[in-house]
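The sequence and the model are shown first.

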Amino acid sequence: MNSSSTRLARRTITTSWSLIPRSTAVVGLGGPSTRSASSSSSSSSPPQSNKSPRTEKKLVDRLSTVIDAVNDRKLPPELRGQRNAVRSETDIINVVEQRIWHSMEEGQFENLPGKGKPLNLSTNPHADPAEDTLYRILSKNGCAPEWVQLNKEIRTQISEWRAMLKKAWAKTSNGDNSNWIQTSEPLKVQMREINSKVLRYNLIVPFGRQMCGLKWEKEMDRVNE
């Protein structure tokens, strides 16, 4: 048999072997039938980690070091490497204020672009783009958001209500206490109406602009001062 026929025979045997199913091949070779079952059961079982506790501890320590380094880079240069000394945001704020004062003393805020000119308040870079566009449209048409108009109404009503309360209480200080109960009841009703508007205002106003309602005891203390 020449070399070309030998290579052809080897290629035929290899191809035939690759076409035979795995389980059939194992049985055909005389191997135990449990081999295929064991291989399938081993493939279905979840892989178990071969890492020792010591290796896992080293990995955790390395990850912790990376996280500490990233957090350290977020601090101002004056506080880097001293994360344990930073107990609150006040420490960071103090560093920022010191840098601002140093910059002011060095004159870095002088001759800035737009110095002496009115601020351009047509856009708010810190607001949501959709809300900023809406407010700009309202402003061009001479309108204001509902919470702005409601704020003006509440403040006007509170001012008028306090003036009426002061006037009604002044009569009692002159010795006329007969009509105080009848006079105070309408004032309490008006106070509840104002507080209802305050509650509605707090539900629609942007975060951080909420106001407190009126309390009868505090308002009476204020009148007596």
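Predicted model: local features only at pLDDT ≥ 70, side-chain atom pairs only at ≥ 80, totals over all residues.

## The nonpolar core

The largest nonpolar core comprises 18 residues. Those with the most contacts inside this core are Ile154, Trp161, Leu165, Ile194, Tyr201 and Trp216.

Trp216 may be examined individually. When its neighbours within four places in sequence are left aside, Trp216 is in contact with Trp161 and Leu165, and also with Trp180, Ser184, Leu187, Lys188 and Met191.

## Helix α6 and its ends

Helix α6 covers residues 129-140, twelve residues in total. At 1.5 Å a residue the helix should span 16 Å, and its end C-alpha atoms lie 17 Å apart, which agrees.

Both ends of the helix show local detail. At the start of α6, a side-chain oxygen of Asp128 comes to within 3.2 Å of the backbone nitrogen of Ala130. Just after α6, Gly142 adopts a positive phi of about 70°.

## The largest pocket

The volume of the largest pocket is about 330 Å³. Its lining consists of 13 residues, and those nearest the centre of the pocket are Asn124, Ala127, Glu131, Asp132 and Tyr135.

Which element gives the most to the lining of this pocket? That element is α6, with five residues.

How values were computed
Residues numbered from 1 in each chain as written. Heavy atoms only, no water. Core = buried A, V, L, I, M, F, W, Y, C linked by side-chain atoms within 4.5 Å. Buried < 20%, exposed > 50% of the residue type's maximum accessible area, 1.4 Å probe, protein only. Contact = heavy atoms within 4.5 Å. Helix = DSSP H or I, 4+ residues; strand = E, 2+ residues; numbered from the N terminus. Expected span 1.5 Å × (residues − 1). Polar contact = N/O pair within 3.5 Å; in protein donor to acceptor, adjacent residues only side chain to side chain. 1 Å grid on protein atoms, 1.4 Å probe; cavity = no way out; pocket = protein on both sides within 12 Å on 5 of 7 lines; lining within 4 Å. Points joined across faces, edges and corners; volume = space filled by probe spheres on them.
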